[in-house]
Amino acid sequence: MASDATILVVDDNRDNAEILRSFLESRGYKVIQAFDGESALARMEEVHPDLVLLDVMMPGMDGWQVCRTIKQHRDLAETRVVMVTAKGGWEDKHEGMRAGADDYVVKPIDLKEVEKKVERNLAAGGDAE
Amino acid sequence: MRIVATEADSDLLDVLQAAAGDLDAEVVIVPGTAEKDGKLIRALRNHPQVVFIDASKIDDFETLRAETHARGIALVAACHTPEEQTAVVNGNVDEWLDAGASVEEMKARIECALKRVHRAESPEVSAQVVEHLQYEELLYDRFTGFPTLPVMLERGREILEHTGSLTILYIEFVRYSKLEEIYGWQRLDEVLQTTARAVREFYNDQEGARENVLMVSHTGDDDFIFFTEVDDSDPHVEERINTLARGMENSIRERLEKEHGEDVAGLFGIYIGATTLYRNPKVRTERMIYRGIREAQHVARSVEQRERTRKVSELKELLRDEDVFIEYHPIVVTETKEVYGYEALARGGPRGLRSPEVMFGVAEEANLIWELSRLCRKRAIEGIDENLDPNQLLFLNIDPHDFRDPTFRYMDVEEIGVDNPERIVLEITERTAITDYPVFQKYLKEFRAHGFRFAVDDAGSGYAGLGSIANLEPDFIKLDISLISNIDTNFMKQNLVETMMSFANDQGIQVIAEGVEREEEYQAVKELGVHLTQGFLFHKPKYVGKITTEA
């Protein structure tokens with residue numbers, strides 16, 4: 001069921017984005033990339049992905065801002081947002097909850113964990129509709 | 001810049017190299033032909049800006065096009081035959097050219113393809129999209145779908161100019177500031193949605209009934225404005241406006257009580273102010289409308305003020321008559337569901353002060369907080385033997401003000417009637433405990449010496465980190481309801497509670513999940529290993545006598 005889902009990978013580090021991309025593609029997802037917050041939102045408007053893997057630390061608009069913008073917008077709010085960040089403490093997760101994020105993956109990335117979290121969010125997102 | 005190219009005949013590649021030289025680009029040639037499409041796609045991982053293909057060597061334009069599009073790479077194709085041209089155009093490449101093209105044309109095509117691709121990615125376009133997304137939110141309210149003030153100002157102006165007058169109803173929707181703290185912002189959002197629906201329905205009814213109610217909007221956080229036109233010749237204008245205001249107030253209140261219960265509804269006050277403007281050609285219309293809105297708001301505020309004064313005198317009577325009662329909310333061991341202790345929650349006898357938040361809020365404003373706290377503590381402790389088994393603990397909410405109350409501060413044990421402090425857990429909210437930290441630590445030490453235990457209440461509702469919670473050395477941490485409600489479907493909350501559990505287990509602190517209302521929430525909390533659970537799921541609170549006015 002997962003294979004027709006579209007995932008937007010947002011990371012200013014192109015190598016990281018590429019790792020996530022090839023991994024997710026190998027799992028049968030359709031993957032779109034963006035390398036900063038603004039273009040991530042522009043891509044969202046265009047393709048309406050099912051899930052966004054969103055890096056937190058980016059120049060310009062950071063991941064929290066992007067997440068808040070997504071979650072406050074009436075057409076985009078249903079999109080599942082999974083934050084990707086090096087900081088995995090209580091405060092950061094709390095920030096994530098306030099920003100309306102749906103889930104959290106801690107860097108360095110464990111691809112198994114990414115897969116698990118992508119799957120469970122897509123499943124939950126599908127249920128909600 | 002980097003250009004990845006397929007193999008092609010040498011003339012074509014020479015032209016490409018020359019054009020690339022002019023564009024200051026490096027050309028990387030991927031060897032192999034049609035069946036090696038995969039190789040080309042792998043080459044995309046080195047982040048080229050342009051992919052150049054010889055159309056005769058590619059089978060599957062669409063896949064290639066999708067790949068380059070997803071990565072924001074421009075795709076340019078050189079064609080030898082009209083059939084190839086049709087194929088690449090159908091395959092949706094960014095630009096194509098004839099295989100015999102000049103260096104100039106090659107250059108122009110590459111630049112054009114780059115522009116086309118980057119239109120979607122260029123900072124200006126992205127910034128516009130982002131701005132647009134953000135502005136859209138501002139024009140129409142997301143709860144009601146009503147226009148916001150800037151949009152409706154124009155309508156107000158029209159009414160005023162066409163009919164000569166405009167009546168503004170300002171509906172002030174006051175919530176006790178603690179609503180969000182107690183129930184979380186999600187709950188507040190739901191409440192606002194209910195309000196919005198009630199206002200919307202009321203508006204529709206009015207619109208159907210008479211033509212004079214024209215617009216409604218949502219301003220700021222949670223206030224509404226009605227613009228209505230009045231008939232000058234009607235001698236009962238004022239009365240009609242009053243009826244309208246009261247009608248709306250009632251319909252909102254009924255709806256809130258029905259959907260969210262008396263407790264939540266009790267946390268809201270609805271106050272309506274009205275003002276009527278008459279056209280004055282000497283004054284700019286917009287300015288008049290803004291002034292009118294301020295006037296109407298002012299009227300609403302004075303209504304609110306009168307209401308407050310009334311509540312303060314109600315509270316004074318309550319204190320005189322000792323008219324409070326206590327609800328004991330059970331806290332159970334998550335695994336076994338056996339009752340571990342009770343949290344005492346005081347409620348006011350008079351209907352308007354039933355909600356503890358309102359009652360304490362009024363007491364705080366009226367400077368009667370010590371008296372009220374003493375009364376509530378006394379009541380809670382009086383009931384301990386009657387309502388609790390000897391091995392059960394009593395959880396008492398302590399307001400930071402209480403520490404400045406001499407009778408409490410010096411643990412005048414007789415005064416507050418505690419026989420066995422080791423059965424009492426004092427709950428201090430995270431917010432004040434953390435901001436007033438040095439003072440608190442000193443108090444806590446003294447109380448601990450008496451045998452009292454401590455719980456940090458509402459953990460996770462504010463910005464406190466785990467380090468500052470640890471510094472208070474609590475015996476219990478109560479997870480805020482905002483972390484628990486819908487935890488079964490919210491992975492972010494699960495992540496948070498997971499982090500809290502490993503911290504608490506390290507520190508030997510017991511964690512209590514507050515506000516467990518559904519079986520699914522209970523299961524989630526249990527799986528996460530939360531030690532204790534509180535909420536309406538298992539036990540309704542025990543209502544304990546001494547309800548003087550109810551009898």
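The model is predicted, and local features need pLDDT of at least 70, side-chain atom pairs count only at pLDDT 80 or more, and totals for chains, interfaces and linings use all residues. Residues are numbered from 1 along each chain as its sequence is written, while chains are lettered from A and ligands numbered from 1 in the order in which they are written.

Chain A holds five helices and five strands, where helices (H or I, at least four residues) and strands (E, at least two) are DSSP runs numbered from the N terminus. Along the sequence these elements follow the order β-α-β-α-β-α-β-α-β-α.

Between the chains, 28 residues of chain A are in contact with 27 residues of chain B, contact meaning that the C-beta atoms, placed from the backbone, lie within 7 Å. Elements giving two or more residues to this side of chain A include α1 (14-26), β2 (30-34) and α4 (90-99).

A:Ile109 lies in the loop between β5 (103-106) and α5 (111-128) of chain A, and is partly exposed because 16 other C-beta atoms lie within 10 Å. The table lists its relations to other residues.

| Residue | Relation to A:Ile109 |
|---|---|
| A:Thr85 | 24 residues apart in sequence, 8.8 Å C-alpha to C-alpha |
| A:Val84 | in contact, neighbours within four places in sequence left aside |
| A:Val114 | in contact, neighbours within four places in sequence left aside |

Methods: Buried ≥ 20, exposed ≤ 12 C-beta atoms within 10 Å, placed from the backbone. Contact = placed C-beta atoms within 7 Å.
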